[in-house]
Amino acid sequence: MTHRLSVFLSALALVLFLSSGRSPAQLHPAHEHGAARLNVVAEEGGFVADLESPLASFISFEHEPSTPEQRAEVADMVAKLARADEVFQTDAAAGCRLESLALSSANIPADLLGEYASKEPAGRGHDGGEAGHDHDGEEAGHDHDGEEAGRDHDHDGEVHGDLDAEYVFACSDGAKLAGLKVGLFELFPNLEEVEVQVAGAGGQSAAELTASSPELKW
Ligand SMILES: [Zn+2]
């Protein structure tokens, strides 16, 4: 093979690879079963906690639920995530209460997320970045043409999916809030670590929380 031909073939392979809409997993360490990412922005009036996690950190599958058992598992997950004062435990002196909770997942139909279903379409933006099959922007769960929009498959054909949860808390005395305890580990035994980025009165910082070290300070 001439050098020029091999360069051409390499370039062609790269183009085909890029246009396939698939990305190598190592570019997306974000989707790691047992892990979650959390962004917290704290201000005097309260805080916003944006949680993004593989579904597998919460339930036993990541595809769209198809059996009564799987639907029950999703309902149980939603009920646990809705226990906001357990998920994010704050100093009572700060007087924080949940203002809103929005859940979204490309693989979970909005009706299963109930009143917490995000009004924004799932499967876009920060849903894990692995979505290479979301061509039509349709909301997950309304895809009647048989295309698996918004879903991801790994090399074994297994479906992967993420869950996003955005919590907004209002605090009557937010100045007294200098941190919180993440209670997710007790609610979800599959969850092993939460990587946190926090922006608070003390500036920005990062932390890695685990079941034995679930406290966040800012
Ligand atoms: Zn997965």
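Q: Which residue stands opposite E193 in β10?
A: In this predicted model, E193 stands opposite T210 in β10.

Q: What makes β9 and β10 paired strands?
A: Two strands pair if at least two bridges are found between them. Strand β9, residues 193-200, and β10 have eight bridges, so they pair by that rule, and the sense is antiparallel. A hairpin through two residues joins β9 to β10.

Q: Where do β9 and β10 sit in the sheet order?
A: They come at the end of the order β4-β7-β2-β1-β9-β10, an open sheet of six strands with mixed pairing. At the edges stand β4 (96-104) and β10 (203-210); each has a single partner strand, so one side of each is left without a neighbour in the sheet. On average, neighbouring strands of this sheet are turned by 15 degrees against each other, direction ignored.

Q: How many bridges join β4 to β7?
A: There are eight, and the two strands run antiparallel. Since at least two bridges are needed, β4 and β7 count as paired. In this pair, R97 stands opposite A170 in β7. Strand β7 covers residues 162-171.

Q: What joins β2 to its partners β1 and β7?
A: Seven bridges join β1 to β2, and nine join β2 to β7. Both pairs run antiparallel. R37 stands opposite E52 in β2, while the bridge partner of G46 in β7 is A170. β1 and β2 also form a hairpin, with two residues between them.

Q: Why is β2 described as largely enclosed?
A: A residue is buried if 20 or more other C-beta atoms lie within 10 Å of its own. Seven of the nine residues of β2 are buried, so this strand is largely enclosed by the rest of the structure.

Q: How do you know whether S104 is buried or exposed?
A: Count its C-beta neighbours: S104 has 27 inside 10 Å. The cut-off for buried is 20 or more, so S104 counts as buried. S104 has its place in strand β4. S104 and D162 are 58 residues apart in sequence and 8.5 Å apart in space, C-alpha to C-alpha.

Q: What is the order of the open sheet of three strands?
A: The order is β3-β8-β11, with antiparallel pairing. Here β3 (88-89) and β11 (215-217) are at the edges, each with a single partner strand, so one side of each is left without a neighbour in the sheet. Strand β8, residues 179-182, is joined to β11 by three bridges, and G179 stands opposite K217 in β11.

Q: Which residues have the most contacts inside the largest nonpolar core?
A: They are V40, F88, L103 and L216, in a core of 40 residues. Among the elements that give two or more residues to this core are β1 (35-43), β2 (46-54), α2 (68-81) and α3 (84-87). The largest share, five residues, comes from β7.

Q: Leaving aside neighbours within four places in sequence, which residues is F88 in contact with?
A: F88 is in contact with A49, Y167, F169, L180 and V182. The word contact applies because, in each pair, the C-beta atoms lie within 7 Å.

Q: How do you know how the span of α2 sets against the expected one?
A: α2 has 14 residues, and at 1.5 Å a residue 20 Å is expected. From its first C-alpha to its last, α2 reaches 20 Å, close to that expectation.

Q: Why are the buried residues of α2 said to line one face?
A: The buried residues are V74, M77, V78 and L81. Seen down the axis of α2, they fall within an arc of 100 degrees, so they line one face of the helix. In general, an α-helix has 3.6 residues a turn, so residues three or four places apart point the same way. What covers the buried residues of α2 includes α3, β4, α4 (110-113) and β7.

Q: Which exposed residues does the face of α2 turned away from its buried side carry?
A: That face carries P68, E69, A72 and A79.

Note on methods:
Residues numbered from 1 in each chain as written. Predicted model: local features only at pLDDT ≥ 70, side-chain atom pairs only at ≥ 80, totals over all residues. Helix = DSSP H or I, 4+ residues; strand = E, 2+ residues; numbered from the N terminus. Axes fitted to C-alpha atoms, helices over the stretch in contact; angles between N-to-C directions. Core = buried A, V, L, I, M, F, W, Y, C linked by C-beta atoms within 7 Å. Buried ≥ 20, exposed ≤ 12 C-beta atoms within 10 Å, placed from the backbone. Contact = placed C-beta atoms within 7 Å. Expected span 1.5 Å × (residues − 1). Arc of directions from axis to C-beta.
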